[in-house]
Amino acid sequence: MRANRMRRDPPKVGSPYWMITYGDMVTLLLAFFVALYAFSVIDAERFQAALLSIRGSLGFFEGQTGVLPKGQSLEEQLLADAQLQGVKEGAEKFLQNQSFQGKVKLVLDERGLIFRFQETVLFDPGKAVLKPEAERALKVVAAFLRQIPNQVRIEGHTCDLPIKTRLYPSNWELSTARATTVIQYFISLGIPGERLSAVGYGEYRPVAPNTSEEKRRQNRRVDILILKQELGEKEPAPVTREDEEAAEVQISPN
């Protein structure tokens, strides 16, 4: 019998069977950890993207630590937004049936409400002298501005075509001169200068790529920006005689 069993059992060569199972398990574990590491990298990217999306939808931006402007309560923010919305609705009604309707565009952005005039409405190309029809349009806007308390900023813009004249060596001078011209006209109509400011942006704040004449025409514009009240309150305040006297008292050694 013993001699027969020795003839039936095959000779044992190579690794034992348990080594095959062990090798498979180690390979699966290695694959599992590689996949786990890869998933962790993807999850981090997705987490970052989701975080940015949530922050954007809630009004957070880079460097901002809260939804509300610093030092402003939720109630103040809601009141400011409601006031600006009221200004927008009032402007829409005010502009109805005006002769220049369609030549001015109302734009609401994070700074406030914009009356956007294309260049051809207010000025001839390369000039900063108001056209007669521009004065009629600005009188209507001034009548509306007198009804609200907000600060107003006049912003001049040009396209990227260069200009080089004695009066305007570059688009900086032209855009600033146009903004100043509008301010001077508003002041002549009774708008207090303390409520007004002027900015010339040249060709550096386009609303469309300067790739065609049609898009350049959009960029040649004057924006009359009605600032949100919280932004207007950050404008430099005029110093009165009482403020000056109070400052002298504070620095007096006696």
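**Nonpolar core**

The largest nonpolar core of this predicted model holds 34 residues, of which Phe115, Phe117, Leu122 and Phe186 touch the most other members. A nonpolar core is here a set of buried Ala, Val, Leu, Ile, Met, Phe, Trp, Tyr and Cys residues joined through side-chain atoms within 4.5 Å; buried means under 20% relative accessible area, exposed over 50%, and partly exposed in between, with a 1.4 Å probe and protein chains only. At least two residues of this core come from each of helix H3 (74–95), S2, helix H4 (119–122), helix H5 (132–145), S3, H6 and strand S5 (221–227). The largest contribution is that of H5, with 8 residues. Helices (H or I, at least four residues) and strands (E, at least two) are DSSP runs numbered from the N terminus.

Phe117 is in contact (heavy atoms within 4.5 Å) with Phe100, Lys103, Val104, Leu122, Ala137, Leu138, Val141, Arg220, Arg221, Val222 and Ile224, leaving aside neighbours within four places in sequence.

Residues are numbered from 1 along each chain as its sequence is written. Local features need pLDDT of at least 70 and side-chain atom pairs count only at pLDDT 80 or more, whereas totals for chains, interfaces and linings use all residues; side-chain values use heavy atoms, with hydrogens and water left out.

**The S1–S2 hairpin**

Strand S1 (residues 104–109) and strand S2 (residues 112–118) run antiparallel and are joined by 6 bridges; two strands pair if DSSP finds at least two bridges between them. The two strands form a hairpin with 2 residues between them. Within this pairing, Val107 stands opposite Ile114 in S2.

**Salt bridges**

A salt bridge is a side-chain nitrogen of Lys or Arg within 4 Å of a carboxyl oxygen of Asp or Glu, and by this rule the count comes to 10.

Arg216 is buried, with a relative accessible area of 18%, whereas Asp160 is partly exposed at 31%.

Arg217 is partly exposed at 35% relative accessibility, and Glu214 is partly exposed with a relative accessible area of 44%.

**Surroundings of Thr158**

Thr158 is placed in the loop between strand S3 (152–157) and helix H6 (171–188). With a relative accessibility of 4%, Thr158 counts as buried. Not counting residues up to four places away in sequence, Thr158 touches Asn171, Leu174, Ser175, Gly202, Glu203, Asn219 and Arg220. The side chain of Thr158 also reaches the backbone nitrogen of Glu203 at 3.3 Å.

How values were computed
A polar contact is a pair of N or O atoms within 3.5 Å; within protein, one must be able to donate a hydrogen and the other to accept it, and residues adjacent in sequence count only if both atoms are side-chain atoms.
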